[in-house]
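My notes follow in the order I looked things up.

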Amino acid sequence: MISKNQIAFKNLFRKKARTLLTLVGIMLSSWVLVSLLGFNRGYENALNHDIENMGYQLMVMAKGCPYEAATMMLQGGTGLRYIEQSMADSIMKEPEVAKVTPILMQAFFDPNKGTSGGIAGYFGVDPATFPAMKPFFRFRQGGWFRDPSAAEAVMGYEAAELEQREVGDMILVPEKNVQLKVVGIMERTGSQDDGTIFVPLKTLQKISGIDKITTIGIKVNKDADTAELENKLYKLQDVQVVSFSQVKQTIMKLISTARVMVLSIAVIAIIIAMVGVINTILMSVLERMQEIGILKTMGAMPWDIFRLVWTETLILCACGGIAGIGLAVTFARATDVLVRRILPYAPSGGLVAIDARLALLTLAIIVTVGLLSGLYPAWKAGRVRPLESIRREG
Amino acid sequence: MAEIVLEARGLTRVYHRGSEEIRALAGVSLSINRGEFVSFMGPSGSGKTTLVNLLGCLDNPTDGDLVLAGRSIFDGCKMLGERELTRVRREVFGYIFQNFYLIPTLTVRENVALPLAFYRKPGADAEVERILNMLGMGHRMEHLPGQISGGEMQRVAIARALVNRPEILLADEPTGNLDSKRSKEIGEILQDLNRSAGLTIVMVSHNPELARLGGRIVEMRDGQAYEV
């Protein structure tokens, strides 16, 4: 025997092209919606991950633009200013401070990088304090420097892949023509560290001829008042303090415009899909008026007809929604690349995080919106009187 | 004594088209016995389809009474709502029309089983194949309506009307879309259903040959019924 659901399902095959176009509309809205929700979650996760992987919550550096400071820390940069290394020791005396590590960032022009040369970034780090800040670092090969002033380098995963270096190989510091021996290659961290080359602080100071540092990374005690510490640090001469919670807030504000734009696109896509569903189902009802009347002569109650039409809407929305989510998951990587191009700053790691819960939420939204769209056509179909519909045959 | 299954008393149906009043039925009274095959004939606009629609509970009269198997359906001022009319229709009637109204995406078997998705009398499931075989459509059960002829489509429509074992079969111009050979076949099927199964049939037809298959002919003229 045949059930009402089977009847509804088979009805959708009458006008295949129209059904397909409606499905495509729903699918696209579902794709945009799940990607947007995935982006909202993924971006913040990726940013949190990047910030956690810094290993410290506060950064002190020479005065300048705070956005530049954030960019320097997260992506590397040029035009650096310097502070005295002794400042790290005085900061360490503050009761809120658990650990400090001095860092010297240097960028050299490498003519062999890319097609027209590029900047090679080096981090001079203190072997006594820096590894303790990043206990989550794992080495694929080798380990940290054996001597605080050795001519050695530890390469991030991607830096080693790009330069095709193994432990024991030599790398040449561009501009300075100094060779360093690779003693360690890290496993992938999913952060900016993957593209970094770490060198002992003293070695980098010697290579660059600078006895100062660019940055002090500060790890705050667990229950310490970070705001109080920030106030104390602001009193230091010619330095600025960057708190990563502030950096995060600033970046989230910067991308909020992009988020609003994408959200607007998603809302418009849903409205278009909704109109498409109403049009498809209503047309289908109007074309089948006589047939609906005949179903009523067979004993179908208004609710039966309402349910039949509503089931058609449900099938359309569920299939379109699932297909859209499938596409979003399949092309999450491509969406990631696209989003990176339009955003002012994108953290490392996946920007579009779609999980089962998010997929179900999107499906629920699409189906709910679809069912609301199907209300009017279903109600209209339920009200068809058999005699009126039979008379339409002329 | 024959049992009266349908009794109309003074059935009147007035339509309004703008300010114009059209009296399609002007107080028709007649009764139909169980197992009768009654054919309604008459020119276009004579009121035959209006009368059959009222007898088949597809419409409410403007005035008059209708008693169905001893149960009062309309009594002058009392009209039934769509739900109540649907209940009466599915329990008592089977309908066939000039247009077959088969669902093109459903097979012959599924089309015949369609009424059971909304209402089924006990044991009705087994009727689908039995009726299709009885009407000579057993070999076409898995075909789609687009793959069978007009005559076969009307047989499927008849099977669909019979699947819930109705007390009365209402046929409005059942051969209107068929050639004379297929019309004769459908007429014979209806006659056989009436004679062998004792089914009460109320039919509207322009075709005198088809109308004569019934034991009783009622001629409609100007909204009035005349026994022939």
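Which residue of β10(B) does Arg221(B) stand opposite? I found Gln224(B) there. One caution before I go on: this is a predicted model.

**Entry 1: the end of the sheet in chain B**

I looked at the strands around that pair next. β9(B), residues 216-221, is joined to β10(B) by four bridges, and the two run antiparallel. Stepping back, I see six strands of chain B in an open sheet, ordered β6-β7-β8-β3-β9-β10, with mixed pairing. The edge places go to β6 (93-97) and β10 (224-227) of chain B; each has a single partner strand, so one side of each lacks a neighbour in the sheet. From one strand to the next, the twist averages 20 degrees. I also checked what packs on this sheet: helix α5 of chain B, residues 150-162, touches β6 and β7 (168-172) of that chain. The direction of α5(B) makes about 165 degrees with that of β6(B).

**Entry 2: β3 of chain B**

How many of the five residues of β3(B) are buried? I get five of the five for this strand (residues 37-41), so β3(B) is largely enclosed by the rest of the structure. I then sorted its side chains by direction. Phe37(B), Ser39(B) and Met41(B) point one way, while Val38(B) and Phe40(B) point the other way. Both sets are buried.

I went on to the partners of β3(B). With β8(B), residues 200-204, β3(B) pairs in the parallel sense over four bridges. Val38(B) has Val202(B) of β8(B) as its bridge partner. β9(B) is also joined to β3(B) by four bridges, and these two strands run parallel. There, Ser39(B) has Ile217(B) as its bridge partner.

**Entry 3: where chain B touches chain A**

I counted the contact between the chains: 25 residues of chain B with 25 residues of chain A. Which elements of chain B each supply at least two residues to this side? They are α2 (82-92), β6 and α3 (108-113) of chain B. α2(B) gives the most, with five residues. By class, I noted 14 nonpolar, four polar and seven charged residues on the side of chain B that touches chain A.

**Entry 4: chain A overall**

Over to chain A, where I find 14 helices and 10 strands. Of its 394 residues, 42% count as buried. I also looked at how far apart in sequence the contacts reach. Among contacts in chain A with a separation of 6 or more, 83% come from residues 24 or more positions apart.

**Entry 5: α11 of chain A and two helix partners**

How do α2(A) and α11(A) cross? The axes of α2(A), residues 16-52, and α11(A), residues 302-330, come within 7 Å and cross at roughly 50 degrees. That makes α2(A) oblique to α11(A). The crossing of these two is right-handed. On the α2(A) side, the contact includes Leu23(A), Ile26(A), Met27(A), Trp31(A) and Gly38(A). On the α11(A) side, it includes Leu316(A), Cys317(A), Gly320(A), Gly324(A) and Leu327(A). I make it 13 nonpolar and eight polar residues, with no charged ones.

From α9(A), the contact takes Val277(A), Ile281(A) and Val285(A). From α11(A) come Val309(A), Glu312(A), Thr313(A), Leu316(A) and Cys317(A). The residues here split into six nonpolar, one polar and one charged.

**Entry 6: β5 of chain A**

Last stop for me was β5(A), residues 152-155. Glu152(A) and Val154(A) point one way from this strand, Ala153(A) and Met155(A) the other way, and all are buried. I followed Val154(A) to both sides. β5(A) is joined to β7(A), residues 178-186, by four bridges, and these strands run parallel. In β7(A), Val154(A) stands opposite Gly184(A). With β8(A), residues 197-200, β5(A) pairs in the antiparallel sense over two bridges. Which residue of β8(A) is the bridge partner of Val154(A)? I found Phe198(A).

Definitions and conventions
Residues are numbered from 1 along each chain as its sequence is written. Chains are lettered from A and ligands numbered from 1 in the order in which they are written. This is a predicted model: local features need pLDDT of at least 70, side-chain atom pairs count only at pLDDT 80 or more; totals for chains, interfaces and linings use all residues. Axes are lines fitted to C-alpha atoms, for helices over the stretch in contact, and angles run from 0 to 180 degrees between N-to-C directions. Angles under 35 degrees count as roughly parallel, over 145 as roughly antiparallel, 65 to 115 as roughly perpendicular and the rest as oblique. A crossing is left-handed if the near helix is turned anticlockwise from the far one by less than a right angle, and right-handed if clockwise. Two residues are in contact if their C-beta atoms, placed from the backbone, lie within 7 Å. Ala, Val, Leu, Ile, Met, Phe, Trp, Tyr, Cys and Pro count as nonpolar, Asp, Glu, Lys and Arg as charged, and the others, Gly among them, as polar. A residue is buried if 20 or more other C-beta atoms lie within 10 Å of its own, exposed if 12 or fewer, and partly exposed in between; C-beta atoms are placed from the backbone. Two strands pair if DSSP finds at least two bridges between them.
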